[in-house]
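Have a look at the picture first, and then we'll go through a few of its parts.

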Amino acid sequence: EADLRYQAQHAASVTTILVAPGTYNLQDAVYVTVNNLTIRGATGHRGDVILDGGGMLTWTHTHIIAIFADDVTIADLTLRNGDEHGVSVNGSDRPILYNLHILDTGYQLVKVNPVGDGSEDGLLACSRLEYTTTSPEDYTNGISAHNAHRWTVRDNEWRRIRTPNQVPAPAILFWSGSSDTIVERNLLVDCYQGIAFGNASHDAGDHTGGIVRNNMIYAS
């Protein structure tokens with residue numbers, strides 16, 4: 001666990017870190033600060049490698065994985081019990097989040113923060129994002145992306161993205177100056193809200209461009 005966190009900050013660029021099967025109880029977030037770094041489960045099966053953050057809203061280390069570099073790939077992992085976020089992207093371009101299972105975080109399962117000139121050309125694909133029952137409080141989304149441009153969110157499964165007090169929160173939310181988002185072929189099950197480009201509480205232009213197509217939204 002400590003070596004994974006060390007390598008995420010000190011490995012050479014253009015390195016792939018293969019994480020052996022097992023459950024890793026994180027003592028801090030995995031801060032990725034190396035450009036062109038890949039972290040992925042060694043078997044390719046996301047259930048084989050579990051990074052456990054220790055619990056929702058414990059106020060210990062905020063994220064499971066926090067990305068502060070460009071061209072980073074996170075794949076084939078389960079991320080669970082995040083303090084605030086499962087994955088946090090901070091002004092980084094071309095992040096790839098692929099074949100992940102992100103389960104039970106205090107706030108957003110994936111957060112794209114409004115850092116610098118924003119995040120461009122991100123991909124979130126072929127993943128499952130869910131709460132076991134609901135989020136622990138009303139400030140949640142499956143993904144909340146600020147100042148994100150040309151992101152693609154495709155072929156994911158979203159389940160029970162909902163709040164304890166039935167406050168509507170979009171499962172997929174791109175806002176705060178985001179643009180040209182593509183959201184396609186996602187399955188959303190028992191979420192309080194589906195897909196939102198822009199926030200009604202903000203001014204016009206909160207999101208520009210973009211396509212929503214071929215998604216299935218179901219509530220039981």
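## Strand E10 and its neighbours

Val110 in strand E10 is the bridge partner of Val87. Strands here are DSSP runs of E with at least two residues, numbered from the N terminus. Strand E8 (residues 85-90) pairs with E10 in the parallel sense over 4 bridges, and two strands pair if DSSP finds at least two bridges between them. E10 also pairs with E14, again in the parallel sense, over 3 bridges; there, Lys111 has Ser144 in E14 as its bridge partner.

In a regular strand, side chains alternate between the two faces of the sheet. In E10, Val110 and Val112 point one way while Lys111 and Asn113 point the other way, and all are buried (under 20% relative accessible area; exposed is over 50%, partly exposed in between, with a 1.4 Å probe and protein chains only).

## About the model

This is a predicted model, where local features need pLDDT of at least 70 and side-chain atom pairs count only at pLDDT 80 or more, while totals for chains, interfaces and linings use all residues. Residues are numbered from 1 along each chain as its sequence is written, and side-chain values use heavy atoms, leaving out hydrogens and water.

## A tyrosine pair

The whole structure has 4 aromatic pairs (Phe, Tyr or six-membered Trp rings with centres within 6.5 Å; planes under 30 degrees apart are stacked, over 60 edge-to-face, the rest tilted). Tyr107 and Tyr139 have ring centres 4.9 Å apart and planes at 70°, so they are edge-to-face. Tyr107 is buried at 15% relative accessibility, whereas Tyr139 is partly exposed at 40%. Together with Trp59, Tyr107 and Tyr139 form one aromatic cluster.
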